[in-house]
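User: I am new to reading protein models and would like to learn how to go through one feature by feature. Could you take me through the one shown here?

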Amino acid sequence: TGSGKLLSYSQLKFAPIGFDGDLPYSIAILDYGDYRVFGRIDSNLDAKEIKIGMPMTTVVNELPNGQLNYIFKKA
């Protein structure tokens, strides 16, 4: 819960099989103080708005195959 700070991110232009339809997309790490979370930056967020240290929130996303991942949204 709450927001974390964007610690690092990278925009991917190549992806593993099954994720190539999502390109380009950004992966990132959020710092929540006691722990860090790995996930993807919300594809609706303009890349020009992404800044190291910006506050972001984490939401759980369910993939079509039932697996879960994290999506980071601007706080």
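Predicted model: local features only at pLDDT ≥ 70, side-chain atom pairs only at ≥ 80, totals over all residues.

User: Let me begin with the strands. In which sense do S1 and S4 pair, and over how many bridges?

Analyst: As a general idea, in a regular strand the side chains alternate between the two faces of the sheet. In this model, strand S1, residues 3–12, pairs with strand S4, residues 55–62, in the antiparallel sense, and three bridges join them. One place to look is Ser-3, whose bridge partner in S4 is Thr-57.

User: Which residues make up strand S5, and how many bridges join S4 to S5?

Analyst: Strand S5 covers residues 68–74 and runs antiparallel to S4, with seven bridges between the two. Within this pairing, Met-56 stands opposite Lys-74 of S5. The two strands form a hairpin with five residues between them, and in the turn you will find Gly-66, which has a positive phi of about 95 degrees.

User: How many salt bridges are there, and where do the residues of the pair Asp-42 and Lys-73 lie?

Analyst: The general idea is that side chains of opposite charge can pair when their charged atoms come close. Here the count comes to two salt bridges. In one of them, Asp-42 pairs with Lys-73, and their closest N and O atoms are 3.2 Å apart. Because Asp-42 sits in the loop between strand S3 (36–41) and S4, while Lys-73 belongs to strand S5, the pair ties together parts that are 31 residues apart in sequence.

User: Is Asp-42 buried or exposed?

Analyst: Asp-42 counts as buried because its relative accessibility is 15%, which is under the 20% cut-off. Lys-73, at 31%, is partly exposed.

User: What distance separates N and O in the salt bridge of Glu-49 and Lys-74?

Analyst: The side chains of Glu-49 and Lys-74 meet at 2.8 Å, N to O. This pair also links distant parts of the chain, with Glu-49 in the loop between S3 and S4 and Lys-74 in strand S5, 25 residues apart. Glu-49 is partly exposed at 35% relative accessibility, and Lys-74 is partly exposed at 47%.

User: Finally, how many aromatic pairs are counted?

Analyst: The count comes to one aromatic pair. Tyr-32 and Tyr-35 form this pair, with 5.4 Å from centre to centre and 10 degrees between the planes, and the pair is stacked. Tyr-32 counts as buried at 17% relative accessibility, whereas Tyr-35 counts as partly exposed at 43%. Another ring to look at is that of Tyr-25, since Arg-40 lies over its face at 3.9 Å from the ring centre.

Technical notes
Residues numbered from 1 in each chain as written. Heavy atoms only, no water. Pairing = 2+ DSSP bridges. Helix = DSSP H or I, 4+ residues; strand = E, 2+ residues; numbered from the N terminus. Phe/Tyr/Trp six-rings, centres within 6.5 Å; stacked < 30°, edge-to-face > 60°. Buried < 20%, exposed > 50% of the residue type's maximum accessible area, 1.4 Å probe, protein only. Lys NZ or Arg CZ within 6 Å of the ring centre and 35° of its normal. Salt bridge = Lys/Arg side-chain N within 4 Å of Asp/Glu carboxyl O.
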